[in-house]
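The sequence and the structure are shown below.

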Amino acid sequence: MARAVVLLGPAGSGKSTVGTELGRLGLAWRDWEPRLLEAWGDRQQFLANKEAALAALHAEIRTFIDSAESAAVLESTGLSDREFLDELQREQPGTLFVRLDVSEVEALRRAAGRPQGGHLADDLEANRAVWRAFATHVAPNRRVDLVIDTESVGPAEAALTILGRLREPV
């Protein structure tokens with residue numbers, strides 16, 4: 001079974017951008033947000049069906065990890081997925097948890113500049129709330145193997161750093 005990489009960060013931290021770069025370098029990468037939007041329509045529908053939506057998503061992610069020929073790259077804020085990530089840490093030894101740090105100002109600037117309709121939250125105040133919840137609940141409490149400041153490190157360099165860490169003996 002391939003190792004997994006979990007990219008943790010709030011909206012605008014660079015999870016999808018770094019994930020795309022890791023996919024370009026040969027890791028198994030899938031952006032799950034379009035899948036959620038396809039299945040649930042929008043943020044309100046997703047939230048109204050959150051328990052079922054997350055259960056279905058987590059089942060798909062487990063299948064993705066198990067079938068990947070290389071390390072599977074996942075992204076999460078670590079908020080709604082907290083229990084799933086705890087299980088992953090227990091059940092998938094060698095999973096690499098990478099926290100992508102970004103200031104609130106920069107995260108909101110990035111979120112404001114991305115195309116509308118491709119994410120569960122396009123609203124800047126919703127993104128601000130997620131950034132603050134991440135900073136309060138996830139960043140200080142989730143054990144990670146690597147922290148990358150995406151304001152000072154670009155996506156290509158971040159991906160190479162992660163790839164190098166993956167190649168280290170467990």
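## The largest cavity

The largest cavity is lined by Val-6, Ile-61, Leu-74, Glu-75, Ser-76, Asp-81, Phe-84 and Leu-85. A cavity is a set of points, on a 1 Å grid over the protein atoms alone, where a 1.4 Å probe fits but cannot get out, and lining residues have an atom within 4 Å of a point. The model is a predicted one, in which local features need pLDDT of at least 70 and side-chain atom pairs count only at pLDDT 80 or more, while totals for chains, interfaces and linings use all residues. Residues are numbered from 1 along each chain as its sequence is written, and side-chain values use heavy atoms, with hydrogens and water left out.

The search of the whole structure finds one cavity of 30 Å³ or more, and the largest cavity holds about 30 Å³ of space. Volume here is the space filled by probe spheres set on the grid points, which are joined across faces, edges and corners. At least two lining residues come from each of β3 (72-76) and α5 (82-91), and β3 provides the largest share, three residues. Helices (H or I, at least four residues) and strands (E, at least two) are DSSP runs, numbered from the N terminus. By class, the lining comprises five nonpolar, one polar and two charged residues. In this scheme Ala, Val, Leu, Ile, Met, Phe, Trp, Tyr, Cys and Pro are nonpolar, Asp, Glu, Lys and Arg are charged, and the others, Gly among them, are polar.

## Nonpolar cores

A nonpolar core is a set of buried Ala, Val, Leu, Ile, Met, Phe, Trp, Tyr and Cys residues joined through side-chain atoms within 4.5 Å. Buried means under 20% relative accessible area, exposed over 50%, and partly exposed in between (1.4 Å probe, protein chains only). The largest core has 22 residues, of which Val-6, Ile-61, Ile-65, Leu-74, Leu-85 and Leu-88 touch the most other members. At least two residues of this core come from each of β1 (4-8), α2 (32-40), α4 (50-67), β3, α5 and α7. The most, six residues, are given by α4.

A second, separate core of 19 residues includes Ala-71, Ala-159, Leu-163 and Leu-166. Leu-163 is placed in helix α8 (residues 155-167) and counts as buried because its relative accessibility is 9%. The C-alpha atoms of Leu-163 and Val-5 are 9.6 Å apart in space, although these residues are 158 apart in sequence.

## Buried sides of two helices

In α5, the buried residues include Phe-84, Leu-85 and Leu-88. They lie on the same side of α5 because they cover an arc of only 95° around the axis, the arc being that of the directions from the helix axis to the C-beta atoms. Glu-83 and Arg-90, on the other side of α5, are exposed.

Helix α7 (residues 124-138) contains 15 residues and reaches 20 Å from its first C-alpha to its last, close to the 21 Å expected at 1.5 Å a residue. The expected span is 1.5 Å times one less than the number of residues. Ala-126, Asn-127, Val-130, Trp-131, Phe-134 and Val-138 are buried in α7. These residues cover an arc of only 140° around the axis, which means that they are on the same side of α7.

## Further positions

Ala-55, found in helix α4, is partly exposed, with a relative accessible area of 47%. Its C-alpha atom is separated by 17 Å from that of Glu-91, 36 residues apart along the chain.

Leu-27 lies in the loop between α1 (15-24) and β2 (28-29) and counts as buried at 11% relative accessibility. Arg-143, in the loop between α7 and β5 (146-149), is partly exposed, with a relative accessible area of 46%. The C-alpha atoms of Arg-143 and Val-130 are separated by 19 Å, with the two residues 13 apart along the chain.

Notes: 1 Å grid on protein atoms, 1.4 Å probe; cavity = no way out; pocket = protein on both sides within 12 Å on 5 of 7 lines; lining within 4 Å.
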